[in-house]
Amino acid sequence: MADPDFYLSDEQRELKRAVREFTSKEITPIAAECDATERFPKHLFPKLGELGYLGLGYPERFGGSEGSNLDYSILWEELSYGSAGIALGFYVHTAMACRALEHFGSESIQRDWLVPALRGERIGGWAFAEAGAGSD
C-alpha cells in the first residue's frame, strides 16, 4: 500500500509533524478537563499565533504565514487529533471571524483587529444562532 502522505511536499510533512507535536504537548493533555469543565484554553491563542498557525493561509501583509488550502487542512486535521472541540474553537477564530475581517474589514479594522488576531492577541468569534435553538 502506498504511503498516505504521497501527495505532501517535504514542507507539508514537516508542518504535519510540527502541529502533531504541538497538539500532543499542548492540547491532548488538557482536552478531557476542558470538556469536563466547559472551559476553552484561551492561553493557546498566543502560542498558535507565535508559531504562525493562526495566520496560515493569510497574506504576509496581515502578518500571515501564507500557505495553501492543503496546508490549512493539515493544520486542522492535526489539531483535531488532540480535541475536535478545541480545534473547532480555533477554526472559528481563523476561518470565520478572521476571514470576515480580511474580506470585509476596512484597512483600519484589519490593522487593529485582524493583525493582532493572527498573532493570538485578540480572539474572534462568530455569532449565528440563538440560545436554546439552532446549532448551539
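**Note on the predicted model**

1. The accessible surface of the chain is about 8300 Å². Carbon and sulfur atoms hold 54% of that surface. The model is a predicted one.

2. Of the 136 residues in the chain, 38% are buried. Buried here stands for under 20% relative accessible area.

3. The chain has five helices and zero strands. Read from the N terminus, the order of elements is α-α-α-α-α. The radius of gyration is 16 Å, close to the 14 Å from the globule rule for 136 residues, so the chain is as compact as a globular protein of that length.

4. Along the principal axes, the C-alpha atoms occupy a box of roughly 45 × 40 × 25 Å.

5. Contacts in the chain were also sorted by sequence separation. Among those with a separation of 6 or more, 62% join residues 24 or more positions apart.

6. What volume does the largest pocket have? The space in the largest pocket is about 230 Å³.

7. By class, eight nonpolar residues line the largest pocket, along with two polar and one charged.

Notes
Residues numbered from 1 in each chain as written. Predicted model: local features only at pLDDT ≥ 70, side-chain atom pairs only at ≥ 80, totals over all residues. Heavy atoms only, no water. 1 Å grid on protein atoms, 1.4 Å probe; cavity = no way out; pocket = protein on both sides within 12 Å on 5 of 7 lines; lining within 4 Å. Points joined across faces, edges and corners; volume = space filled by probe spheres on them. Nonpolar A, V, L, I, M, F, W, Y, C, P; charged D, E, K, R; others polar. Helix = DSSP H or I, 4+ residues; strand = E, 2+ residues; numbered from the N terminus. Rg over C-alpha atoms; globule rule 2.2 N^0.38 Å. Buried < 20%, exposed > 50% of the residue type's maximum accessible area, 1.4 Å probe, protein only. Contact = heavy atoms within 4.5 Å. Areas by Shrake-Rupley, 256 points an atom, 1.4 Å probe, with all protein chains shown as cover.
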